[in-house]
Amino acid sequence: MSGKFYITTPIYYVNDQPHLGHAYTTILADVLARYHRTLGDEVHFLTGTDEHGLKVQQAAQQRGADPQAHTDEYVQRFVEMWQRLDISHDDFIRTTEERHKVVVRRLLTNLHDKEKIYLDEYEGLYSVSEERFITEREMESGEFRQVEKIKESNWFFRMSNYQQQLIDHINEHPEFIQPKHRRNEVLGFLRQPLSDLCISRPKSRLEWGIELPFDSDYVTYVWFDALTNYISAIGYTADEAEFARWWPAEYHLIGKDILTTHCVYWPTMLMAAGVALPKTIFAHGWWMMDEGKMSKSVGNVVRPLDLIDQVGVDPVRYYLMRDMVLGQDANFTADSFVRRYNADLANDLGNLVNRVAKFIRRHFEGQVPKPVVAPDLAHDEELKALAAETVAEVPGLIESMKLHEAVKQGMALVRWVNGYLEKCQPWHQIKDDPTLAGSTLYHAAEALRLALLLLHPVMPQRVGLMLGMIGAGALPLTDFTWGGLKPGTPLGEGESPFPRLDKLAVGEPPADDGLITFDDFEQVDLRVARVLAAERVEGADKLLKLQVDSGDGKRQIIAGIAQHYDPADLPGKSIVVVANLKPAKIRGEESQGMLLAAEDGNTLVVATLEDADVAPGTKVG
Ligand code: MSP
């Protein structure tokens with residue numbers, strides 16, 4: 001290949017909690033970026049966050065926070081998630097950054113100057129939850145909430161002017177929208193007359209956005225703002241050389257849910273601005289859970305961190321790449337994860353690397369043995385040819401986005417090495433002919449090195465470890481020619497890169513069955529406390545105010561026991577209090593804990609300790 005490769009992910013809504021769906025797009029982009037780097041391409045990989053709009057404004061308001069402070073805090077969840085998932089992006093763009101806002105303003109000014117944006121009165125149905133105008137048909141579908149009839153002036157982009165040009169472009173560039181069925185979907189959409197796009201929101205409704213440079217009563221529609229990230233991040237109108245270096249993008253990766261915005265709004269915006277179109281917009285399918293789309297509102301999201309905590313990052317990356325045929329939907333299940341992990345990673349790959357490393361450690365002083373080349377070593381030749389074939393095939397698979405096939409090929413080579421060892425039987429060869437056994441191990445390790453290089457973009461950490469285990473840790477990740485492994489190299493440390501997995505817990509925690517765990521109970525800090533004084537709370541006939549000594553000092557407890565106890569009877573009693581409860585105000589009085597009491601409606605008895613010898617502060621368990 002060896003060219004430039006600019007790849008992007010959608011920018012994620014900053015309010016969202018990153019889930020497996022977001023992680024998938026980003027891992028996919030990462031794997032492609034890494035493949036292209038190993039194939040010698042100059043890569044620029046961009047991801048980021050979409051930070052304007054009503055939902056962010058509302059979420060910030062609810063927390064009493066300034067929207068910028070709110071996004072500054074929330075963006076960290078994505079930043080940290082991508083770190084955990086080993087994402088190797090070159091840039092992370094936030095739409096609240098000045099470098100982005102300045103480009104959006106320039107783009108708007110440019111289109112406004114050329115009269116491609118105009119002010120008009122519009123009356124239509126507006127879905128507050130979706131933040132956009134919807135059609136009558138959409139309204140009838142019942143899928144939209146908080147729909148209001150709105151009549152207002154707004155700014156419009158003459159999107160309709162570009163309908164034919166866009167259709168022509170799609171027809172002339174079959175690679176522009178992929179896979180093919182998505183391309184047909186967009187062409188189908190374009191059979192209806194294209195309307196103009198409302199690109200403003202009045203500030204009376206929404207303030208958190210980029211102000212229109214030519215009308216301070218409005219902010220920019222969040223999609224017009226967000227799509228521009230793909231060019232603002234690489235210096236459009238700001239750094240010509242950098243922009244020319246990367247644009248047009250090789251790939252915009254997106255989920256199928258945001259097809260229209262990317263394949264209709266975005267290209268027409270670029271056409272109007274006189275900017276070339278991206279080479280390919282690739283829409284992948286959805287990860288489903290129990291046959292339903294994973295989404296926060298449905299409550300069936302898989303949290304990547306839950307998986308990572310159980311199995312580590314690389315197996316999660318592997319499963320996502322291996323089990324989704326790009327462009328189609330895939331179902332995430334704990335069973336399929338465990339099966340895939342055990343079959344491919346624990347059995348085939350992990351065991352093989354372990355066996356090869358152990359054998360070399362035991363019989364060859366832990367150093368890569370020498371290969372011998374003799375005409376009768378047919379198995380060796382066969383293995384070499386297969387490895388070369390696989391290595392040659394993978395770039396084409398990556399180019400055509402058959403990522404799961406590429407991964408499959410890497411694993412097929414691993415299985416071939418397994419088969420090769422079964423045929424050669426080095427554990428027998430070692431007795432009669434150690435040199436031959438050494439040569440067999442060399443061939444196995446070298447073929448394994450090539451397989452590992454092919455799997456490296458998918459599992460960078462553990463493949464790194466495994467390369468070390470076969471003596472290839474210091475070799476470049478780009479060397480795909482046979483013979484790279486050097487005899488005499490000491491093997492690195494490491495064992496069982498993929499221990500077998502019994503089960504995996506995914507999804508939301510199990511439904512509440514009314515039971516708590518020991519750990520949950522342990523969190524409640526129960527202490528003995530001695531009542532020092534008690535009095536009624538004015539104006540509250542059920543409440544008593546107690547001053548108690550809980551061992552760590554004096555604290556005040558407000559308890560609903562006034563109808564059962566005379567305050568004068570309480571001082572001197574040893575009671576049990578919950579000592580680590582957040583203080584709360586009850587009828588204007590602060591309560592720094594609770595006391596335990598037995599109650600059955602009519603009677604109430606405070607739990608007291610008969611033996612007053614127990615010192616205040618003693619833990620109760
Ligand atoms: N902010 C917009 C994108 C603007 S791009 C200029 C947005 N953000 S999002 O956070 O809601 O989702 C972004 C992407 O997450 C989706 O397009 C899709 O790629 C991915 N996924 C979200 N849920 C998903 C699944 N269940 N499965 C796979 N990917 C999905 O839309």
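Which of the 26 residues around the ligand come nearest? In this predicted model, residues are numbered from 1 along each chain as its sequence is written, local features need pLDDT of at least 70, side-chain atom pairs count only at pLDDT 80 or more, and totals for chains, interfaces and linings use all residues. Side-chain values use heavy atoms, with hydrogens and water left out.

The residues that come nearest to the ligand are I11, T25, D50, G255 and W287, out of 26 around it; a residue belongs to this group if one of its heavy atoms lies within 4 Å of the molecule. By class, the shell comprises 13 nonpolar, nine polar and four charged residues, where Ala, Val, Leu, Ile, Met, Phe, Trp, Tyr, Cys and Pro count as nonpolar, Asp, Glu, Lys and Arg as charged, and the others, Gly among them, as polar. At least two shell residues are supplied by each of β2 (12–13), α1 (20–38), α8 (222–227), α9 (229–232) and β13. These elements are DSSP runs numbered from the N terminus, with helices (H or I) of at least four residues and strands (E) of at least two.

The side chain of H22 contributes a polar atom 3.4 Å from an oxygen atom of the ligand. The ligand taken alone exposes 660 Å², of which the protein buries 96%; accessible areas come from the Shrake-Rupley method with a 1.4 Å probe.

The bond from Q178 to P179 is cis, with omega near -10°, and P179 lies between β8 (177–178) and α7 (180–189). The bond from W247 to P248 is also cis, with omega near 0°; P248 is placed in the loop between α10 (240–246) and β13 (251–255).

Positive phi values in residues other than glycine were also examined. For E115, phi is near 60°, and this residue is located in the loop between α4 (98–113) and β5 (117–127). E115 is exposed, with a relative accessible area of 59%. For Q425, phi is near 50°, and the residue is found in the loop between α16 (403–424) and α17 (426–432). Q425 is partly exposed, at a relative accessible area of 28%. Here, buried denotes under 20% relative accessible area, exposed over 50%, and partly exposed the range in between (1.4 Å probe, protein chains only).

Terms used
A polar contact is a pair of N or O atoms within 3.5 Å; within protein, one must be able to donate a hydrogen and the other to accept it, and residues adjacent in sequence count only if both atoms are side-chain atoms.
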